[in-house]
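Please look over the protein shown here before reading the notes on it.

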Amino acid sequence: MARKSIGERLAQLEAQRKTLQIRLSKQERAIDTRRKVRIGALVLHRLENDRDVQFAGGIAEWLRRELPKFLTRDGDRDLFDDLLKPQLHEPSRGNIGNVGNGSAAS
């Protein structure tokens, strides 16, 4: 069996490098997505369950102020419609529970 030339071996190694780079990029994107989902879950959990009304109200107020600047697509804005609605008064424990789940408080 003939040995591969140096050029052929380099081409093979370059193809392997590209394949590994693609796998690494996918892995990094998956980790980034997982982090975003978990931090979002934490924020929604605090909004819905936090007994510290001032803290949860502060998060809700911050989100109402910042989300419109961050969300560029109408479909994305629709996902957060319940958070973006202006509040007539400081949130109470009863209406904080409605944030993010689209259901009425029990």
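The report below goes through confidence, helices, core, surface and salt bridges.

**Model and confidence**

This is a predicted model, in which local features need pLDDT of at least 70, side-chain atom pairs count only at pLDDT 80 or more, and totals for chains, interfaces and linings use all residues. Residues are numbered from 1 along each chain as its sequence is written, and side-chain values use heavy atoms, with hydrogens and water left out.

The term pLDDT stands for the predictor's confidence in each residue, from 0 to 100. The average pLDDT of the protein is 83, and 80% of the residues score at least 70. Among the elements, α1 has the highest mean pLDDT (96), and helix α5 (residues 93–96) has the lowest (44). The pLDDT is below 50 over residues 90–106, a stretch that has 34 contacts in the model beyond near neighbours in sequence; a contact means heavy atoms within 4.5 Å. Where pLDDT is low, the predicted coordinates should not be read in detail.

**Helices and overall figures**

The protein has five helices and zero strands. Both kinds of element are DSSP runs, numbered from the N terminus: helices are H or I with at least four residues, strands are E with at least two. From the N terminus on, the order is α-α-α-α-α.

Of the 106 residues, 14% count as buried. Buried means under 20% relative accessible area, exposed means over 50%, and partly exposed lies in between (1.4 Å probe, protein chains only). The accessible surface of the protein comes to about 8,900 Å², and 56% of this surface belongs to carbon and sulfur atoms. Accessible areas come from the Shrake-Rupley method with a 1.4 Å probe, and for residues only the protein chains shown count as cover. Among contacts between residues at least 6 apart in sequence, 37% join residues at least 24 apart.

**The nonpolar core**

Which residues make up the largest nonpolar core? The seven residues are Leu-47, Ile-59, Ala-60, Leu-63, Leu-67, Leu-71 and Leu-83. Helix α2 (residues 53–70) gives the most to this core, with four residues. A nonpolar core is a set of buried Ala, Val, Leu, Ile, Met, Phe, Trp, Tyr and Cys residues joined through side-chain atoms within 4.5 Å. Leaving aside neighbours within four places in sequence, Leu-67 is in contact with Phe-80, Leu-83 and Leu-84.

Leu-44 has its place in helix α1. Leu-44 is partly exposed, because its relative accessible area is 29%. Between Leu-44 and Ala-56 there are 9.5 Å in space, C-alpha to C-alpha, and the two are 12 residues apart in sequence.

Ile-6, Leu-10 and Leu-13 make a nonpolar surface patch of about 340 Å². Patches are made of residues with over 30% relative accessible area and no salt bridge; like charges are joined within 9 Å, and nonpolar side chains (Val, Leu, Ile, Met, Phe, Trp, Tyr) within 5 Å. Ile-6 belongs to helix α1 (residues 6–49). Ile-6 counts as exposed because its relative accessibility is 64%.

**Salt bridges**

Side chains of opposite charge can pair when their charged atoms come close. A salt bridge is a side-chain nitrogen of Lys or Arg within 4 Å of a carboxyl oxygen of Asp or Glu. How many salt bridges does a search of the whole structure find? The search finds eight, among them the following.

| Salt bridge | Closest N and O atoms |
|---|---|
| Asp-32 and Lys-36 | 2.9 Å |
| Glu-66 and Arg-65 | 3.7 Å |

Asp-32 and Lys-36 both lie in helix α1, four residues apart, which is about one turn of the helix. Asp-32 is partly exposed at a relative accessible area of 34%, whereas Lys-36 counts as exposed at 55% relative accessibility.

Glu-66 is partly exposed, with a relative accessible area of 28%. Arg-65 is also partly exposed, with 44%.

Arg-77 and Asp-74 both lie in helix α3 (residues 74–79), three residues apart, about one turn of the helix. Arg-77 is partly exposed, with a relative accessible area of 30%, and Asp-74 counts as exposed at 56% relative accessibility. Elsewhere, salt bridges that share partners join Glu-61, Arg-65, Glu-66 and Lys-69 into one network.
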